[in-house]
Amino acid sequence: MTNIPKKADILFSAYSVEPYQILKDAMKRKKEDIIQELLDSGLRGRGGAGFPTGMKWKFGAAEKADQKYVICNADEGEPGTFKDKKLLTDVPRKTISGMAICAYVTGATKGFIYLRAEYRYLLASLEKEIEVFEQKAKEFGLDFEIKIFMGAGAYVCGEETALIESMEGKRGEPRNKPPYPIQNGYLGKPTIVNNVETLASVSMVCRLGAEEYKKLGTSDQKGSKLFSISGDSPKEGVHELELGMKVSDFVTEYGDGDTKAIQVGGVAGYCIPRKKFESTIIGEGQTTGGSTLIFNSTRSMYRVLHNYLDFYAEESCGQCTPCRVGCQQLLKGIEAVKAGTKPPKYLDQLMKLSNTMNLTSKCGLGQSVTNSFTTIVENFREEMIF
Amino acid sequence: MTKTNELVKKLVEEHGVARESLLPVLQGIVKEERYLSKEAMRDVAEQLDISAAEVYGTASFFSFLDTEEKGKYIIRVCKSITCDMKGKCELVRTMEDILKIKVGQTTVGKRFSLLETNCIGLCDQGPAMLINDDYYTKLTPVKVREILGDLIRKTS
Amino acid sequence: MTNITLKIDNVDVTVEKGTSILDAAKKVDIRIPTLCHHEDLCIAGNCRICVVEQIGKHTLTASCATPAEDGMEIKTSSPKIRKARKDIMSLLVSEHNTQCTTCYRSTNCELQDLAAEYNIDNETYLSVLKPNLEIDKSSWSIEKDDSKCIRCQRCVRTCADIQGVNALAVTEKGNEMRVSTFMHLTMNEIVCTNCGQCITHCPTGALTERRYYDEIWDAIDDPDKHVVVNTAPSVRVALGEMFGYEVGTQVTGQMVTALKKMGFDAVLDTDFAADLTIIEEGHELLARLKAALVDKDPNIKLPMITSCSPGWVKFIEHMYPNHLGHLSTCKSPQQMFGAAVKTYYAEKKGIDPSKIVCVAGMPCAAKKYEANRPEMRSSGYQDIDAGLTTREIGHMIKQSGLDFKDLENGEFDSLMGESTGAGVIFGATGGVMEAALRTVYAVITGRPVPFERLNITPVRGLKGIKEAGIKFENCLPEYSWLEGVEAKVAIAHGLTNARVIMDEVAAGTSPYHFIEIMACPGGCIGGGGQPIPTTDAVRIKRTEAIYKEDMEKPIRMSHENPEITEIYEKFLKAPLGEKSHKLLHTKYRTRKRY
C-alpha cells in the first residue's frame, strides 16, 4: 500500500507567530522547564549526529564558567544538503530565537553563527536580522549578543570541534574527545553548538509544546524534519516531512518513476537500492541531516561512489591515518578494480578497510565513509567491476 | 608602507591581535587582494606574533583562502554529486574553451580564475557555480557563454 | 588529586584522574604500540595505532588521547584491535617510501619496527606515495625527505612546544596534507634555528641531519691532509647507545681509540676549548660587570648571555635582533677550537694550516651550520671544516669495521687534548654556568666556590628555568669593587624557556647578571645530533654520566688546565687580548623574524 509522505508545515509557514514572541514567552518560564520540554519532545540534533538537544542543553546549563558560548552551526557542507540555507533565508528569526532561548537556558552571553564561506551572499541579510534581534534582546532584558563568523571553505568544519578550532584561528582539525565542547569549547569555555534547523525546531517546540510536537512522526522519530531533495526528481528542493516514512512512499512522491537508488544523509549517509525501498524507513536506525539524493537507472553507481570518494579524499582534514590514507586507498582501489588492475575480490579488502576506518578514525568524517562505501559496493558490485 | 601593509594593519586593528582573529584578517585580505601573498602572510604573522608557517598552515587548509594569485573573477564550479550528474563537466569544458585555461588556472590578464569546488548547497538547482560571492544556477553551456561574455565585456 | 580505578586486560589499575589509558596500561607493564606519541610532547592522537577496545563502545579508542575513567573496562589485545592496527600500519606503509635499505634511519626506525612486528606487506594496498618528492638538502644541518613522513606531527609539535619556533607546520588538507614550511620554502630559506630537535623526535627517516662522513673519509684517505677531530663532552656519554651500551655509559676511552684507528691524525678534546671559553667568557663577564658597576657605562649590556649553543644564537638573531648586545662575544668551544687548531696547533706542530682538516664531533645539528657561518674564518681558513653528529660518528665507527665493545681505552692526543671537569660539564644544562662560576669565583676571591666539592647543585637539573645567586665576599684587592655583590644567574634550556628569559631582557626587567641558554632540552646531552630516542629518562642518565666524569677528573676548574696556561703564555698572551679578540670572539647579525 502506498502512503503519501506526510508533509509538515511547521518550520516555514504555519504557526506564524513572531519568533521573538516565542522567545519572550520562553523567558517567562523556568529554565529547567524548557529543558524538560525539549527532552519530552524527543528533539534530536538535525545536523546529522542526532544527539538529543535537551540533553546537550542540560549539560550546558550545568557547567559553571565565567563565560559560555552558543554557536549556531551553519556550515552546511554535506553534499546534497541545502535546508539550513533556506531556513536562514526564509525564517532566520526562528533560528536566532532558538539561539537566544539556548542562551537564556544555559547562561551563555555570546553567540556566533558560523556561516559557511559558500553562503557569503546571506551575510548582509543576516546582519540586518541580528540588528533587529539585538533591539529585541535589549527590550526583553536578555544579555546575549550574536556575531557572524564566516567559514573559509572546509567540509570538516561542520564537525563541531573542527568548527571551534577554525574559529580560534587554527586549522579545522577535529579535536580528541573528551573533553566535549560542552565542557571545553571555544577559547576553552563551555560551548553549545547546534545546527540551524535544530535551533529553529527548538523555537517551534517552545511554541507548540512537546505534546503537540511529538504527535508528528513515529514513536522512534519525533517531529518534522526538513529534507533536501535533489538528483533525478521532478520536485527538487526543501520539503518538510514528518519523520518515519517508508522509502518506497518517498520515492513514489519525489522520484521520477525510474528511481534506482537513493542516498539518505548525504555522502556520509547510506545508499538504499530499489530492492530495499519497501523494507526501509528513512532515518530508521541512523540519524540524518535530511539530504536525499535520488538516482535513476541512467546513473552509474561507480561514478557516484567515485565522486563521493574524491570528495572525501579532498575534504578529510588529513590528520589521522585511517581517514587520510584510507580515503585515498578506497578511491584508488575502486579505480584499480574498474581498470582491471586489481581483481574484483579486492573490493572485499576495501570493505574491510572501510570498516577499520569506521572503528579507528578520529571523527565522524572518517567514521562514516564506510556507510556509503559498503552500501554502494554491496548493492551495486557489478557496476564497480564492469 | 605598501598597500598590503596598510590593509593588514587596518584589519588587525579591526579584529584584534589574538589568534582567533586570524581567519577574519585573512578573509579581509582575500576580499581586497583576491589571494594571500607571501608579503601579506608575513605581515599577518608579525602582527599576530605567530610564525609565518602557522599562518600558511592555517590558510592552506581552507579552500577560500588562496595563496596563489587569483583573477578578478574567481569562478567556482560545483563538482559535487548532483551538479556532476546534471552536466558540470560540459560546463567546465565550455569555460575552459572560452577562457583558454584549464581548471585550477588563472587567465594571463588575471581576470578569471577557473576552479572546481565541493558542494555549494545549490544541489536542487544544479549545475551551479559561484563567481566571487554571487551564485548562478541551472546552468547550461549557453547560459555560461552569456555570463562570461557579460563579464568579459565589463572588464575590457 | 582523586584516584580512579579501571580494568585493563582484566587487571585493576588505579591511577590519578586525567591519566591516559596508555599511561595507565604502562603502569601495569602492558605495552601498547605508539607512533605519534612522544613523552616530550603534547598529545596528538592522530596515528591511531594505539587504539584499544573499550567495553560497551562500538568504535575503538585511541589510548594516548583518552583519559582513563573510573570503572572503564579496556582490552588492549583482541582480534578487532589486531586487525585494525595491522590495517593502520598497512596504510602508513602504503604512503611511505619503503626503500628501507637506503634509509639512514634503518634499524632505528619506529615505523620499521612496527611494520616488522605486524608483518606488513606491500601487496595489501596500493602505493599512494606521492611521486617525484625531492629531498630538501638545502640546509647545512637538516635534510627533509617527505617520502618518509608519516604525518605524525611530532616534529611540528617539537618545533612548537619545545622550541617555540614553529618553523614546521601542517599544511594543506586531505590527500595533500603534509608537514612543510611557510609556502613550502626550502629549509635554508625559513626561520629555523637548525637545532635538530625535529630530527631526534622524528620516528622515521623523514628528518635527518645532513651527513658529511663521505667527505671526512676522503680527507682521511688523502695522505696530504692532516685530519684533526675534536669531540664534545656529550658525545662520549651517548655514543655507547649506538653500540648497545646502557644509556649513560661513558665510552670516552673506546671512542678515542676508535677515532685513532679510523685514521684521524689527531684526536683532541673539545673540552680544552670549553676551558678556553670559560677563561674568555669569565673575563668578559668581569669586564662587563666592572664597566656597569664601577664605570657606570650605559652602553654595557647586562645580563650577559652565553653563546655556546648555535641553535640559540640563531634563535636570538631571528627573534630578538635588537638585543644581540647581551650575547657574549665569545665563539662556541667548537669554533674556538677550530680557530686555535689552524693557528696555534699548526704553528706548534709545524703543519701547514691549509693542509689541516678540522672535524668536530658534536651532539648537535646546528654546529654544522655554525661551522659554515661566514664569520667563522678567523684563522684565515674555514675554522671547522665539518661538524659530525654523535650518530654520524657511530656510523663511521661501524663503517670502519671496528668492534667497539672490544676496544681498549685510549688517551686524547696533545696539544689541545687536556681538559678539566669544568669543560666536561658543558654538556649538561647549567654546566657552562657552573664552570664559569667555579673560575670566576676563584679569580675574584682566590678561593674555590663555597659549594661542597665544587658541585654547584642549584644550577643543575632538568627544570626549564633555574635561578641561583652567589655572593662575593673577601674579594682579592683588585676585585674589591665586587665586595658583597650577589651575582644573580639564570639557566634556561629549550627555546620556549629561552623566550621567557628574553622577554624579560627585552622588557628591561631581567634581574640577572649572567644567563646560560642552551637550545636543546637538557643541554647538549639532549642535542639534535644525539642517538635516538632522547627522553627525560635518557637525559637524566646522560647527565649523570657527565657529572661522574667531572668528579673523576683530577682538575675541575678551567683556569687550572695546564694546556690553557700554556696557550696563554705562549700564544694568546692574555684573556680578551688582541689575539683572543681576533680568533676567539665573533659578531652576530640580525635576521628576519617572519
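How many salt bridges are there between domain 1 of chain A and domain 2 of chain A? I looked, and the count is zero. For the record, I call it a salt bridge when a side-chain nitrogen of Lys or Arg lies within 4 Å of a carboxyl oxygen of Asp or Glu.

**Ground rules**

I am working with a predicted model, in which local features need pLDDT of at least 70 and side-chain atom pairs count only at pLDDT 80 or more, while totals for chains, interfaces and linings use all residues. Residues are numbered from 1 along each chain as its sequence is written, chains are lettered from A and ligands numbered from 1 in the order in which they are written, and side-chain values use heavy atoms, with hydrogens and water left out.

**Entry: the two domains of chain A**

I took the bounds from the assignment, which gives chain A a domain 1 (19–214) and a domain 2 (301–385); such bounds come from an automatic or database domain assignment. Their centres, taken over C-alpha atoms, are separated by 33 Å.

I then counted contacts (heavy atoms within 4.5 Å). In domain 1 of chain A, 12 residues are in contact with eight residues of domain 2 of chain A. The buried area between these domains is about 830 Å², and carbon and sulfur atoms give 65% of it. Buried area here is the accessible area (1.4 Å probe) that two parts lose on being put together, summed over both.

Which residues of domain 1 of chain A lose the most area to domain 2 of chain A? I found A:Tyr155, A:Val156 and A:Pro174, together 53% of what that side buries.

For polar contacts I used a pair of N or O atoms within 3.5 Å; within protein, one must be able to donate a hydrogen and the other to accept it, and residues adjacent in sequence count only if both atoms are side-chain atoms. That rule finds two residue pairs across this domain interface, both residues at pLDDT 80 or more. The side of domain 1 of chain A that touches domain 2 of chain A has five nonpolar, three polar and four charged residues. My classes are Ala, Val, Leu, Ile, Met, Phe, Trp, Tyr, Cys and Pro as nonpolar, Asp, Glu, Lys and Arg as charged, and the others, Gly among them, as polar.

**Entry: chain B against chain A**

Next I moved to chain B, where 34 residues are in contact with 50 residues of chain A. The two chains bury about 3,200 Å² between them, 57% of it from carbon and sulfur atoms. I noted that B:Phe61, B:Ile81 and B:Met85 supply 21% of the area that chain B buries against chain A, more than any other three residues.

How many salt bridges does the rule find across the interface of chain B and chain A? I got five. I also looked up the pair A:Glu236 and B:Lys86, whose side chains meet in a salt bridge at 2.9 Å, N to O.

Helix H2 (22–33), helix H4 (52–59) and helix H5 (81–85) of chain B are the elements that give two or more residues to the side touching chain A. H2(B) gives the most, with five residues. Helices (H or I, at least four residues) and strands (E, at least two) are DSSP runs, numbered from the N terminus.

**Entry: chain B against chain C**

On this side, 18 residues of chain B are in contact with 16 residues of chain C. The area buried is about 1,500 Å², with 63% from carbon and sulfur atoms. B:Arg42, B:Ala53 and B:Tyr56 supply 37% of what chain B buries against chain C, more than any other three residues.

The rule finds one salt bridge across this interface. C:Arg593 forms a salt bridge with B:Asp49, the closest N and O atoms being 3.1 Å apart. Helix H3 (38–48) and H4 of chain B each give two or more residues to the side that touches chain C. By class, that side has eight nonpolar, five polar and five charged residues.

**Entry: inside chain B**

Chain B is divided into domain 1 (3–59) and domain 2 (73–155), with C-alpha centres 28 Å apart. I also picked out a salt bridge between B:Lys88 and B:Glu116 (3.2 Å, N to O). This pair links helix H6 (residues 88–99) to strand E2 (residues 112–117) of chain B, 28 residues apart.
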